[in-house]
Amino acid sequence: MLRVYTKPAVFASAVIGSLLLGAGLGAVARVTGTTWLAEVLDHVGSVFTTLLQIAVVPLVFTAIIVGINSLRGLGGGRTAARLGGKTVAWFATTSLIAVLIGIGVGLLFDPGSSGLGGAEATAENAEKAAGSVGEWGSWTAFLDGIVPDNFVAAFAEGQTLQVLFLALVIGAAAYSLGERAAPFVDVVTSVFEIIQRYLGWIVRLAPLGILGLIGSAVAEYGDSLFRPLLSMTVAVYVGSGLVMFVVYPTLLRVVARVSPGRFFGKAWTAIQFAFVSQSSGATLPLTRQTTVNLGVDPGYAAFATPLASATKMDGCAAVFPAIGAIFIANISGVSLSAGQYLGIVVVAVFGALATAGTTGWLTALTLTGTVIGLDPAQVATGIALIYSVNPIMDMMRTATNVAGQIAVPTVVARTEGLLDDEVLRAPSAPPLLTDTGARASEENAKAGATV
């Protein structure tokens, strides 16, 4: 029975069915005032989200350290530096394309220009939005948030950006120590594989999780805020869709010489789980295995995909902030200047680190809105309104993020001669929907993860 359930077509049908059933149950709970049903849906969604989030911080930390040390098998320090530099350059290039698409789509749909029909944010969402503006409302606040005051606190408080910084520093130190750090890297690799196994189990709960998340959103808000924010929601889907289904396939075809059909055939399970989970971090094991299945050298994949999962988010950090800034400007009665549009582009390209973590969309939009000079109070108001429909938008944003986190390493691998066409053409099982423990161990050994 489990083997049937984990087949891509069956799993996809289960996800779509859960989405529709969740929306239906949420509508029933709202229309009939069935409080217990709304509470059950909220509890199911919250438990699923928690099960994912508790793995994100240790996953990012261990994956980055393993990834940096896996580069040892590809050459010396110069090779590692070249691969890292080229990877980041491609991240920035695709972010630039994505934010320009976001601005174009935002101007086309012009969200918020027709008013909100009297829609208001909840007090809880207004409070969370105000807190975000206060915490992430400037470049200095962003930079101050990178370096932790306390090693343990960074993990205990779930500060993903700070954990990423620590992982990069510790990973580089372990790389420089070579054999002397081998026992440490071995332990970290084992922890990483344990977390992958754990997430493999959680992946199977995705249909149940999406039922609760969608059902809870519909039960709480109905169409009172969906309708006024429909133009923005559609704009995010269109912009993200253009990036995922036009930009990435074009790069794959032209630069990587990879068929888009083959790419999506192997990447669809990871993209689908990202859509459901709304978490690039939780999708990382699937992202990594999918990249390897596409023929990317396991050593480079082990380095590039963890880095991408924390910093390469074209949906959250490029398309969405551009459209969100236009939305906030419209509801504030502000006409953005050419300089402000340029500011949106700059933040998207250079502020990608702001998306590290489970609320990356929030910090990215906050940083964008305040940097281009929008009134902080209006930024907070716009974010508070967006909170109500965020689960719907976040699905497409995260799916786009993950598609890019797989596509860009594939492109870079081709340019570096690190793409195996034989593996690319070979059929592969869906990542983490089957028992991948042995395969993960073999790939880590090939990658030189244990130095």
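Trainee: At roughly what angle do the axes of H11 and H18 cross?
Mentor: In this predicted model, helix H11 covers residues 230-256. Its axis and that of H18 come within 10 Å. The angle at which the two axes cross is roughly 5°.

Trainee: Are H11 and H18 roughly parallel or roughly antiparallel?
Mentor: Angles under 35 degrees count as roughly parallel. The axes of H11 and H18 cross at roughly 5°. The two helices are therefore roughly parallel.

Trainee: How many nonpolar residues does the contact of H11 with H18 have?
Mentor: Two residues of the contact of H11 with H18 are charged and seven are polar. The nonpolar residues in this contact number 21.

Trainee: How are H15 and H18 oriented, roughly parallel or roughly antiparallel?
Mentor: The axes of H15 and H18 come within 10 Å and cross at roughly 150°. Angles over 145 degrees count as roughly antiparallel. That makes the orientation of H15 to H18 roughly antiparallel.

Trainee: How many charged residues are in the contact of H15 with H18?
Mentor: The crossing of these helices, H15 and H18, is right-handed. On the H15 side the contact includes Asp314, Phe320 and Ile331, and on the H18 side it includes Asp394 and Arg397. By class, the contact of H15 with H18 has nine nonpolar residues and five polar ones, and the charged residues number three.

Trainee: Is H16 roughly parallel or roughly antiparallel to H15?
Mentor: H15 spans residues 314-331 and H16 spans residues 338-350. Their axes come within 9 Å and cross at roughly 150°. H15 and H16 are therefore roughly antiparallel.

Trainee: Which residues of H16 make the contact with H15?
Mentor: H15 passes H16 in a right-handed crossing. From H15 the contact draws on Ala317, Ala318, Ala322, Ala325 and Ile326. The contact of H15 with H16 has eight nonpolar residues, with no polar and no charged ones. On the H16 side, the residues are Tyr341, Ile344 and Ala348.

Trainee: Which residue forms a salt bridge with glutamate 416?
Mentor: The structure holds five salt bridges. In the one with glutamate 416, the closest N and O atoms are 2.7 Å apart. The partner of glutamate 416 is arginine 82.

Trainee: How many residues apart are glutamate 416 and arginine 82?
Mentor: Glutamate 416 is in the loop between helix H18 (376-415) and helix H19 (421-425). Arginine 82 is in helix H4, residues 77-109. The pair links distant parts of the chain, and the separation is 334 residues.

Trainee: What percentage of residues 88-109 is helix?
Mentor: An unreviewed UniProt entry places a "transmembrane region" at several stretches, including residues 88-109 and 234-256. Over residues 88-109 the end C-alpha atoms are 31 Å apart.

Note on methods: Residues are numbered from 1 along each chain as its sequence is written. This is a predicted model: local features need pLDDT of at least 70, side-chain atom pairs count only at pLDDT 80 or more; totals for chains, interfaces and linings use all residues. Side-chain values use heavy atoms; hydrogens and water are left out. UniProt positions are given in the numbering used here, feature names are shortened, and annotations may be inferred rather than shown by experiment. Helices (H or I, at least four residues) and strands (E, at least two) are DSSP runs, numbered from the N terminus. Axes are lines fitted to C-alpha atoms, for helices over the stretch in contact, and angles run from 0 to 180 degrees between N-to-C directions. Angles under 35 degrees count as roughly parallel, over 145 as roughly antiparallel, 65 to 115 as roughly perpendicular and the rest as oblique. A crossing is left-handed if the near helix is turned anticlockwise from the far one by less than a right angle, and right-handed if clockwise. Contact means heavy atoms within 4.5 Å. Ala, Val, Leu, Ile, Met, Phe, Trp, Tyr, Cys and Pro count as nonpolar, Asp, Glu, Lys and Arg as charged, and the others, Gly among them, as polar. A salt bridge is a side-chain nitrogen of Lys or Arg within 4 Å of a carboxyl oxygen of Asp or Glu.
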